[in-house]
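Hello,

Here is the structure you were waiting for. Please open it first, then read the notes below it.

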Amino acid sequence: MVGLIIIGLTNSCKKMVEVTPVGSIATSEAYSTESNIAASVNGIYYTLQQQGTIYNSSYNSIFPLLSDEASIGNTSTVQYLQFANNNITSDNYIVSGLWSNGYATIYQANLLLENVSGNNTINATEKNQWLGEARFLRAYCYFMLTQYFGKVPLATTSDYKTNNSLARSDTATVNKFIISELEAAATLLPDGYSAYNNDRTRASKEAAQALLAREYLYRGYWAKAEANATLLINNSTFSLPSDLNNVLVSNSIESIWEIAFSAKDQNYTPYNLVPFGNYLPPVVPSTKLVNAFEAGDKRKDVYLSIIPTVPSFYIMYKWHDEVNFADQPKIMRLSEMYLIRAEARLKQNNLTGAAQDINVIRNRAGLANTTATTQADLMSAVMQERLVELCFEGDRWLDLIRTGQADAVLGPFKGSSWKSSDQLLPIPATEIGNNPNLAPQNPGY
């Protein structure tokens, strides 16, 4: 049987003008022309954007409930409460959405790599770009999957029969694959965003370098993390806008990679974060996060907003477009690179360099230089800046786990609902039902 794939049609080979899937076509046809291949690449981005209600709803609103940066506001939705209490069941649709988002995107990337790699009749520059985008997106999805689920199946083919019987690979194998994919992507992808009409929602060489910096940091490869972060910091394509409002705009000068949204393909995250009337929204920044902003920190008035009811309350304001719902999540931005380099330098006993990077972020926020001087205090300073600078962007939960602080921080914050085994999400029950080789379930579920 000839395979069928859903693709997005576009008027340009280089810019994702129209990403909405409009039909299914045979695999052989999808990769028969350069315009069809370009549309197939757009389809990968569209799947990441829309599959599983992750980036168009829950990742920047519900997932923060896993950590100490968010609290339940006004909702009785069971799935939300499960996240807040770290009492997640294997049929939670939000967890299933993360799994389906990752593997649907990976499947389409695998298809493209299989069908384009051996095609020597197409423009070589565009071919490299498309292959680089597919490898980057595949690596990003595996990064997300292994962070949240631990051992996951490593699918590198589009063959359903093979994929539907895969066992879970150990995290070392998956992480090695992520690094090799990103290193390859960095050699294939274009420099900057001129190939994309300056649209930062498409993967560039710099996006691969930035995700490598993050992956190296998480794996403890300090020198490599520092080196990759430095590539971004020294790249004139990026800068830290002095006006913090410009951090949040689409295609910000600080952004390295964003997820595309528009009035047509909407991001409904504000539904969970912004109140309708005077009622609390479903998710609010925790009191701990609100109090973490130091006096004089300009970020508090930009990243948060206070609703002047009686009593007043704070909301998360990074995603607040209730007109067009076009907020674009910042997956990687320059501030993170400074904080990655600070931590990597610290781990290599370069305390002065670490403090300098911390101060860049603090000074932009209107704060004085850090007073920390010891390695332990500087590490606390890095974590403090990561908490307030990157709040609700998907970093806090992963930071607590990778640094071994989850039990110490979340135990007191969550109380009796917290268990050490909560550091991984459950494998969706339907997935284990479809493929028994995914068993055993993660501990605690």
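Start with F136. Leaving out residues up to four places away in sequence, F136 touches L182, A185, L189, A203, A207, A208, L211, W257 and M332. Contact here means heavy atoms within 4.5 Å.

Before the rest, some ground rules. This is a predicted model, in which local features need pLDDT of at least 70 and side-chain atom pairs count only at pLDDT 80 or more, while totals for chains, interfaces and linings use all residues. Residues are numbered from 1 along each chain as its sequence is written, and side-chain values use heavy atoms, with hydrogens and water left out.

**The core**

F136 belongs to the largest nonpolar core, which has 128 residues. A nonpolar core is a set of buried Ala, Val, Leu, Ile, Met, Phe, Trp, Tyr and Cys residues joined through side-chain atoms within 4.5 Å. Buried means under 20% relative accessible area, exposed over 50%, and partly exposed in between (1.4 Å probe, protein chains only). F136, Y142, Y148 and W257 touch the most other members. Helix 6 (residues 124-149) gives this core its largest share, 14 residues. Helices (H or I, at least four residues) and strands (E, at least two) are DSSP runs, numbered from the N terminus. In soluble globular proteins, nonpolar side chains tend to be buried together.

T146 is also in helix 6. T146 has a relative accessible area of 6%, so it counts as buried. Beyond its neighbours within four places in sequence, T146 contacts V152, T171, V174, N175 and I178. T146 and D170 are 24 residues apart along the chain, and their C-alpha atoms are 9.1 Å apart.

**Two packed helices**

Helix 10 (residues 222-233) packs on helix 14 (residues 334-347) at about 150 degrees, with the axes 8 Å apart. Axes are lines fitted to C-alpha atoms, for helices over the stretch in contact, and angles run from 0 to 180 degrees between N-to-C directions. On the helix 10 side, the contact uses W222, A225, E226, A229, T230, L232 and I233. Helix 14 brings L334, M337, Y338, I340, R341, A344, R345 and K347. The contact residues divide into 10 nonpolar, 1 polar and 4 charged. Ala, Val, Leu, Ile, Met, Phe, Trp, Tyr, Cys and Pro count as nonpolar, Asp, Glu, Lys and Arg as charged, and the others, Gly among them, as polar.

**Helix 2 and what follows**

Helix 2 (residues 34-50) is mostly covered, with 14 of its 17 residues buried. G52 follows helix 2 and has a positive phi, near 75 degrees. T53 lies in the loop between helix 2 and helix 3 (54-58). T53 is not a glycine, yet its phi is positive at about 50 degrees. T53 counts as partly exposed because its relative accessibility is 36%.

**Other backbone points to check**

Most residues other than glycine have a negative phi, and most peptide bonds are trans. N198 is not a glycine but has a positive phi of about 65 degrees. N198 sits in the loop between helix 8 (171-188) and helix 9 (205-219). With 56% relative accessibility, N198 counts as exposed.

V310 and P311 are joined by a cis peptide bond, with omega about -5 degrees. P311 is in the loop between strand 6 (304-307) and strand 7 (313-316). The bond from A439 to P440 is cis too, with omega near 5 degrees. P440 lies in the segment after helix 19 (429-434).

Best wishes
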